[in-house]
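Try each task before reading its solution.

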Amino acid sequence: MFLRPEDFATVVRSTPLVSIDLIVENNRGEYLLGKRTNRPAQGYWFVPGGRVQKDEPLTAAFERLTLAELGVRLPMSAGQFYGVWQHFYDDNFSGSDFTTHYIVLGFRLRVDAPTLTLPQEQHDDYRWLTPEALLTDPLVHENSRAYFRDAPGVPGL
């Protein structure tokens, strides 16, 4: 379900959004980051993901988002639930006149990187980084770094 921009602005101004973030690992232990072209987090490196739409079951959202963000439709069972996170931004999709608040469901998944067809709608560049490298890169958004810094004892991190 797509909302008109003015209706979506009312939602973002008034309520938290629910989203799914994909913490995508390749066979070398590196994680996928895209450079964001849109607000919020514009210009930062960020993990792929997106909003859950109204009346959309989480399983359908996961499949839609993996197709949209990775170029391959994956079932929710391909991912491992990684926890609930909160993301707060000082801006929003349309500017800086109100904030954005996300409740994020994180999912980890391993992929065969050459099978991905990475789109250019939300990100204009991609790279694979080790957890150590992304934790020290100031252009990796804090909300993406948190998946690696705030998860001690998780295998592979």
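A salt bridge here is a side-chain nitrogen of Lys or Arg within 4 Å of a carboxyl oxygen of Asp or Glu. Keep in mind that this is a predicted model.

**Exercise 1.** How many salt bridges does a search of the whole structure find?

*Solution.* The search gives 11 salt bridges. One group to look up is R4, E6 and D7, which are joined in a network of salt bridges.

**Exercise 2.** Find the salt bridge between R110 and E25, then decide whether each residue is buried or exposed.

*Solution.* Start with the distance: the closest N and O atoms of R110 and E25 are 2.9 Å apart. Finally, check accessibility. R110 has 61% relative accessibility, and because exposed means over 50%, R110 counts as exposed. E25 has 6%, and because buried means under 20%, E25 is buried.

**Exercise 3.** Where do D91 and R39, partners in a salt bridge, sit in the chain?

*Solution.* Their N to O distance is 3.1 Å. D91 is in the loop between β5 (80-89) and β6, while R39 is in the loop between β2 (31-36) and β3 (45-46). D91 is buried at 15%, whereas R39 is partly exposed at 32%.

**Exercise 4.** Locate S19 and list what S19 touches.

*Solution.* S19 belongs to strand β1 (residues 17-25). S19 is buried, with a relative accessible area of 4%. Leaving out residues up to four places away in sequence, S19 contacts G50, R51, V52, Y102, I103, V104 and L105.

Definitions and conventions: Residues are numbered from 1 along each chain as its sequence is written. This is a predicted model: local features need pLDDT of at least 70, side-chain atom pairs count only at pLDDT 80 or more; totals for chains, interfaces and linings use all residues. Side-chain values use heavy atoms; hydrogens and water are left out. Helices (H or I, at least four residues) and strands (E, at least two) are DSSP runs, numbered from the N terminus. Buried means under 20% relative accessible area, exposed over 50%, partly exposed in between (1.4 Å probe, protein chains only). Contact means heavy atoms within 4.5 Å.
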